[in-house]
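Take a look at the fold first, then at a few single residues. The text below goes from the whole chain down to side chains.

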Amino acid sequence: MLMLEIVFVMFLLGMLLGFVGAGGSGFIISLLTVAFGYPIHVALGTALAAMFFSSLSGSISHYREGNAVLKTGLIVGFTGAAGAWVSSGWSTYIPEGRLGMLTSIMLFTSGLALWLRLVLVSRRPQAAGTESPVLNSGLRYWLYALLIGAVTGMLSGLFGIGSTPFIQLGLMLLLNMPMRFAAGTTMLVIIPIALAGGAGYMRIGYLDLQLLLLVVIGTMSGSYVGAKFTKRVPAFWLKVSMVITPMIGAAILWL
């Protein structure tokens, strides 16, 4: 019965994550620890590994829908993977109670940062010719892409979260990527980050394979369905969902 409950809850969560372009590791951690009683370190390792599969499913759907920028996704993603591998072992030095609190703070902060960015975007002049072009080449592009990957990858490895809002924020703020493409590209970025981070947690023994299978079944199927709505739902609701998703996860974990 517990196994079915986990799969069903993760399917519903996967639909939300696929819609907003999130890997959702932080939200998964919140549900596993609060709703199902798993230790925080096991939840971190399992959730980060599961995020690889849900992001893989969602990124395929986003790419087919034309929402993902492949070049940027690969550059940021593989840089982030290196950062996640390095920092994944650091969580063992953080006490369980403090780690849960820090993860909750990170989730809330990420949602707040994304909200501030969206507010700034909405206040920009919208007249024709006032929009800056998307940054996709040159030295500045490479420096920004590598910076986004390194910072978000290390956050992912340390706190077991996908750093989705930070990735989206970096893509929109530094590379001037439109919101829809930021959502789809972020899911592509998370694939190598989650793979490297999950491998790092498995190396130190914080990975429940049976739990991983249940989480993957639910989130992967739900994520593929949810990604179909990104381009079809009004931009206002996409903005709202992108902001409140990590905040809800933070609130659950804080409890």
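**From one side chain to the whole fold**

The side chain of serine 88 reaches the backbone oxygen of tryptophan 85, at a distance of 3.1 Å. This is a predicted model, so that distance is computed from predicted atoms. Serine 88 sits in the loop between helix 4 (70-87) and helix 5 (96-122). Is serine 88 buried or exposed? Its relative accessibility is 0%, so serine 88 counts as buried; the cut-off for buried is under 20%. What does serine 88 touch, leaving aside its neighbours within four places in sequence? Its contacts are Gly157, Gly197, Gly200, Tyr201, Arg203 and Ile204.

Now step back to the chain. The protein chain has 10 helices and zero strands. Read from the N terminus, its elements run α-α-α-α-α-α-α-α-α-α. The C-alpha atoms fill a box of roughly 55 × 35 × 30 Å along the principal axes. How does the radius of gyration fit in, and what would a compact globule have? For 255 residues, a compact globule would have a value near 18 Å; the protein chain has 17 Å, so the two agree.

Of the 255 residues in the protein chain, 56% are buried. Take the contacts between residues at least 6 apart in sequence: 85% of them join residues at least 24 apart. The accessible surface comes to about 11,000 Å². Carbon and sulfur atoms account for 74% of that surface. Charge is the next item. The protein chain has 13 positive and 5 negative charges, and their mean positions are 16 Å apart.

Next, go to helix 7, which spans residues 164-173. Nine of its 10 residues are buried, so helix 7 is largely enclosed by the rest of the structure. Which residues of helix 7 are the buried ones? They are Thr164, Pro165, Phe166, Ile167, Gln168, Leu169, Gly170, Leu171 and Met172.

Follow the chain onward from there. Asparagine 176 lies in the loop between helix 7 and helix 8 (179-203). Its relative accessible area is 15%, so asparagine 176 is buried. Look at its backbone too. Phi of asparagine 176 is near 60°, a positive value in a residue other than glycine. Most residues other than glycine have a negative phi.

Not counting residues up to four places away in sequence, glycine 73 touches Thr185, Leu188 and Val189. Compare its place with that of methionine 101. Glycine 73 and methionine 101 are 28 residues apart in sequence. In space, their C-alpha atoms are 30 Å apart.

Finish with asparagine 136. It is located in the loop between helix 5 and helix 6 (139-159). How is asparagine 136 classed by accessibility? At 44% relative accessibility, asparagine 136 counts as partly exposed, because that class runs between the 20% and 50% cut-offs. Leaving aside neighbours within four places in sequence, asparagine 136 is in contact with Lys71 and Tyr141. Alanine 251 is 115 residues away from asparagine 136 in sequence. Their C-alpha atoms lie 36 Å apart in space.

Methods:
Residues are numbered from 1 along each chain as its sequence is written. This is a predicted model: local features need pLDDT of at least 70, side-chain atom pairs count only at pLDDT 80 or more; totals for chains, interfaces and linings use all residues. Side-chain values use heavy atoms; hydrogens and water are left out. Helices (H or I, at least four residues) and strands (E, at least two) are DSSP runs, numbered from the N terminus. The radius of gyration is taken over C-alpha atoms; the globule rule is 2.2 Å times the number of residues to the power 0.38. Buried means under 20% relative accessible area, exposed over 50%, partly exposed in between (1.4 Å probe, protein chains only). Contact means heavy atoms within 4.5 Å. Accessible areas come from the Shrake-Rupley method with a 1.4 Å probe; for residues, only the protein chains shown count as cover. Lys and Arg count as positive and Asp and Glu as negative; His and the chain ends are not counted. The place of a charge is taken as NZ of Lys, CZ of Arg, CG of Asp or CD of Glu. A polar contact is a pair of N or O atoms within 3.5 Å; within protein, one must be able to donate a hydrogen and the other to accept it, and residues adjacent in sequence count only if both atoms are side-chain atoms.
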